[in-house]
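User: Hi! I'm new to reading protein structures. Could you walk me through this one?

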Amino acid sequence: MSGRIVGFLREYVLVLSILLLIPALLFIIMGVVYLFFISSAEPTTSPFHFIYQVGIWNDYILVLGLILLSISAYYMYSFFTKRKYVLDELKTDKRSEILKKRSKLESTVKQLPSKYQKMLSDKEDEFDIR
């Protein structure tokens with residue numbers, strides 16, 4: 001069961017990171033508006049009336065937004081660096097370079113979506129590596 005969950009998360013890590021980024025930015029905006037621009041969030045006809053109603057909880061919402069932002073940024077950065085490494089290494093046309101970095105490539109590809117595992121296996125088939 002956990003293998004399927006991890007597989008699902010691995011396949012959609014970029015989409016989930018972006019979806020996590022949206023509420024993080026919303027929470028940060030809410031917290032900042034409440035803390036620094038409280039006069040604009042007064043309960044009159046302001047569009048920020050909801051922020052005023054949440055009240056002191058906006059402090060916690062701001063902290064939650066910063067935590068979600070850091071988690072989302074970490075996973076996005078990790079995905080793009082691993083992806084860039086794999087794509088750069090798979091551009092080579094030399095069998096010896098693939099063999100030198102094969103173990104690192106295999107461990108990196110395991111953390112990426114299955115598309116990159118297929119790309120690596122195709123490259124290994126092309127160079128007749130087993």
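This is a predicted model: local features need pLDDT of at least 70, side-chain atom pairs count only at pLDDT 80 or more; totals for chains, interfaces and linings use all residues.

Analyst: Happy to! Let's begin with helix α7, residues 114-126: its 13 residues reach 18 Å from the first C-alpha to the last, close to the 18 Å expected at 1.5 Å a residue. The expected span is 1.5 Å times one less than the number of residues. Helices here are DSSP runs (H or I, at least four residues), numbered from the N terminus, and strands would be E runs of at least two.

User: Which residues of α7 are buried?

Analyst: Y116, L120, K123 and E124 are the buried ones. They cover an arc of only 100° around the axis, which puts them on the same side of α7. That arc is taken from the directions from the helix axis to the C-beta atoms. On the other side of α7, K115, K118 and E126 are exposed. Buried means under 20% relative accessible area, exposed over 50%, and partly exposed in between, using a 1.4 Å probe and protein chains only.

User: What do the buried residues of α7 pack against?

Analyst: Their partners are α4 (57-90), α5 (95-100) and α6 (102-109).

User: Where is D128, and is it buried or exposed?

Analyst: D128 is found in the segment after α7. D128 is exposed, with a relative accessible area of 63%. D128 also has a positive phi of about 60° although it is not a glycine.

User: Let's switch to α4. What span should its residues have?

Analyst: At 1.5 Å a residue, the 34 residues of α4 should span 50 Å, and the end C-alpha atoms are 49 Å apart, which agrees. Buried residues in α4 include N58, G65, S72, F79 and L90. What covers the buried residues of α4 includes α2, α3 (49-54), α5, α6 and α7.

User: What volume does the largest pocket have?

Analyst: About 280 Å³. Of the 13 residues that line the largest pocket, the closest to its centre are L9, R10, V13, Y75 and Q111. The elements giving two or more residues to the lining are α1 (2-11), α2 (13-36) and α4. The largest share, 5 residues, comes from α4. A pocket is an open set of points on a 1 Å grid over the protein atoms alone where a 1.4 Å probe fits, with protein on both sides within 12 Å along at least five of seven lines; lining residues have an atom within 4 Å of a point.

User: One last thing: where is F8?

Analyst: F8 sits in helix α1. F8 is partly exposed, with a relative accessible area of 46%. The C-alpha atoms of F8 and P113 are separated by 8.9 Å, with the two residues 105 residues apart along the chain.

Key: Residues are numbered from 1 along each chain as its sequence is written. Side-chain values use heavy atoms; hydrogens and water are left out. Contact means heavy atoms within 4.5 Å. Grid points are joined across faces, edges and corners, and a volume is the space filled by probe spheres set on the points.
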